[in-house]
Amino acid sequence: MMSSHINNLLRQAVTTFGSVKEVIPQNVEALKYLLDRTSPSDIGFKDHVLLKPDIWRKTGKAPITYVDIYEDDILTIGVFVISPNMKLPLHNHPCMHGLIKVIGGTVKINSYTVTEENGKSVVAHIHNPLIVSNADSSCILGPLRENLHEIESVNGPAAFLDILAPPYDTQIPNGGTRKCTYFAPVKFLAEDSILLKKIKCPSWFTTDCYPYEGPRILDSIFFREDNNI
Ligand SMILES: [Fe+2]
């Protein structure tokens with residue numbers, strides 16, 4: 001039986017992030033190759049209702065919707081859909097890798113690399129904002145590079161496939177639980193450097209869920225057996 005693209009992607013993601021730390025960078029390239037070739041139909045997002053403005057006009061609708069595709073203790077894969085004129089607030093990914101592939105609409109990504117940690121605040125290098133749509137290749141963040149970001153929709157709803165490894169709420173070796181921290185700007189220190197303070201999760205940032213409607217995801221045993229994890 002021919003395996004669907006999403007299952008090939010998942011198998012490569014498990015291989016990539018289930019491998020020893022030293023080979024993760026080269027395996028991320030193999031994953032990026034497949035992710036770059038992921039189309040909306042590969043994950044059931046062609047003409048998806050969440051990419052039409054109407055659903056976002058409903059009273060009480062959360063501004064962000066998450067479509068869960070797969071999660072184990074190695075990685076998590078899902079789709080974030082952002083309503084028009086909305087954003088995921090500035091947040092981090094502690095000791096994590098991340099890959100983002102836009103599969104609907106357009107997003108603007110503002111990324112930062114932490115250069116100094118001071119308890120309740122951080123100094124961060126400001127990267128050039130990226131405007132990304134489905135025609136573009138995926139964006140990568142690492143434990144030490146571009147680990148903080150803010151993602152906003154541009155001209156209508158936008159959706160991106162998000163691969164995170166390890167997932168939030170897993171244990172950091174010698175470092176407690178991987179919790180998401182949110183940040184707000186305090187002041188610019190230079191043209192490309194900013195002081196950010198840690199804040200509570202903004203109250204306007206609420207999410208709801210929508211079921212995954214793409215090709216069937218194989219049981220995790222098929223990915224993990226391949227890799228002897
Ligand atoms: Fe993120």
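Select valine 107 first: its place is in strand 4. Strands here are DSSP runs of E, at least two residues long, and helices are runs of H or I, at least four, all numbered from the N terminus. This is a predicted model, where local features need pLDDT of at least 70, side-chain atom pairs count only at pLDDT 80 or more, and totals for chains, interfaces and linings use all residues. Residues are numbered from 1 along each chain as its sequence is written.

**Around valine 107**

Is valine 107 buried or exposed? Valine 107 is buried, because 24 other C-beta atoms lie within 10 Å. The cut-offs, with C-beta atoms placed from the backbone, are 20 or more other C-beta atoms within 10 Å for buried, 12 or fewer for exposed, and partly exposed in between.

Valine 107 and serine 153 are 46 residues apart in sequence, yet 4.6 Å apart in space, C-alpha to C-alpha. Leaving aside neighbours within four places in sequence, the contacts of valine 107 include Val132, Ile151, Ser153 and Phe160. Contact means C-beta atoms, placed from the backbone, within 7 Å.

**Into the core**

Next, select Ala13, Leu75, Val79, Ile103, Phe160 and Ile163. These have the most contacts inside the largest nonpolar core, which has 40 residues. Strand 8 (148-165) is among the elements that give two or more residues to this core. Strand 8 gives the largest share, 8 residues. Such a core is a set of buried Ala, Val, Leu, Ile, Met, Phe, Trp, Tyr and Cys residues joined through C-beta atoms within 7 Å. In soluble globular proteins, nonpolar side chains tend to be buried together.

Zoom in on isoleucine 103. Not counting residues up to four places away in sequence, isoleucine 103 touches residues including Pro40, Phe45, Val79 and Phe160.

**Helix 1**

Move to helix 1. Helix 1 has 14 residues and reaches 19 Å from first C-alpha to last. Its buried residues include Ile6, Leu9, Leu10 and Ala13.

**Backbone stops**

Most residues other than glycine have a negative phi, and most peptide bonds are trans. Now look for departures.

- Alanine 165 and proline 166 are joined by a cis peptide bond, with omega about -15°.
- Cysteine 95 has a positive phi, near 50°. Cysteine 95 counts as partly exposed, because it has 15 C-beta neighbours inside 10 Å.
- Aspartate 169 has a positive phi of about 70°. Aspartate 169 lies in the loop between strand 8 and strand 9. Aspartate 169 is exposed, with 10 other C-beta atoms within 10 Å.

How values were computed
Two residues are in contact if their C-beta atoms, placed from the backbone, lie within 7 Å. The expected span of a helix is 1.5 Å times one less than its number of residues.
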